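Please keep the sequence and the picture side by side while reading.

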Amino acid sequence: MENYLPYIEQPKILVATDCIVFGFDEGILKLLVFRRRIDPFKGEWSLIGSFVNEEESVPDAARRVLLQFTGLENIFWKN
């Protein structure tokens, strides 16, 4: 453990993912956005997104976010 002590003080890096969801409504291309629930910019329009958890990949995090915010799964997907 002593070999790792210099790394403990290093800054941690957070990774986030956003989902860009396009759809058509009566032939008009639309983008899915939500009002932010937290600061900064609480109440402003935003893409849906969240931080990537340590135990998941970025694509898995994006699928989790999409399901959590929209209930959608098994949709056309492109990374």
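A residue is called buried when its relative accessible area is under 20%, exposed when over 50%, and partly exposed in between, with a 1.4 Å probe and protein chains only. The model is predicted, so that local features need pLDDT of at least 70 and side-chain atom pairs count only at pLDDT 80 or more, while totals for chains, interfaces and linings use all residues. Residues are numbered from 1 along each chain as its sequence is written, and side-chain values use heavy atoms, with hydrogens and water left out.

**Two buried residues**

Val52 counts as buried because its relative accessibility is 18%, and its place is in the loop between β6 (48-51) and α2 (58-70). Helices (H or I, at least four residues) and strands (E, at least two) are DSSP runs, numbered from the N terminus. Although Val52 and Val15 are 37 residues apart along the chain, their C-alpha atoms are separated by 5.6 Å. Contact here means heavy atoms within 4.5 Å; leaving aside neighbours within four places in sequence, the contacts of Val52 include Val15, Ala16 and Ala61.

Ser46, in strand β5 (residues 45-46), is also buried, because its relative accessible area is 19%. Beyond its neighbours within four places in sequence, Ser46 is in contact with Val33, Phe34 and Arg36.

**The core**

A nonpolar core is a set of buried Ala, Val, Leu, Ile, Met, Phe, Trp, Tyr and Cys residues joined through side-chain atoms within 4.5 Å. The largest one has six residues, namely Cys19, Val21, Ile48, Ala62, Val65 and Leu66, and α2 gives the most to this core, with three residues.

**The pockets**

On a 1 Å grid over the protein atoms alone, a pocket is an open set of points where a 1.4 Å probe fits, with protein on both sides within 12 Å along at least five of seven lines, and lining residues have an atom within 4 Å of a point. Grid points are joined across faces, edges and corners, and a volume is the space filled by probe spheres set on the points.

| Pocket | Volume | Most lining residues from |
|---|---|---|
| Largest | about 410 Å³ | β6, four residues |

Of the 15 residues lining the largest pocket, Arg36, Ile38, Gly49, Ser50 and Phe69 lie nearest its centre. The second largest pocket is lined by 15 residues, with Ile20, Val21, Phe76, Trp77 and Lys78 nearest its centre.
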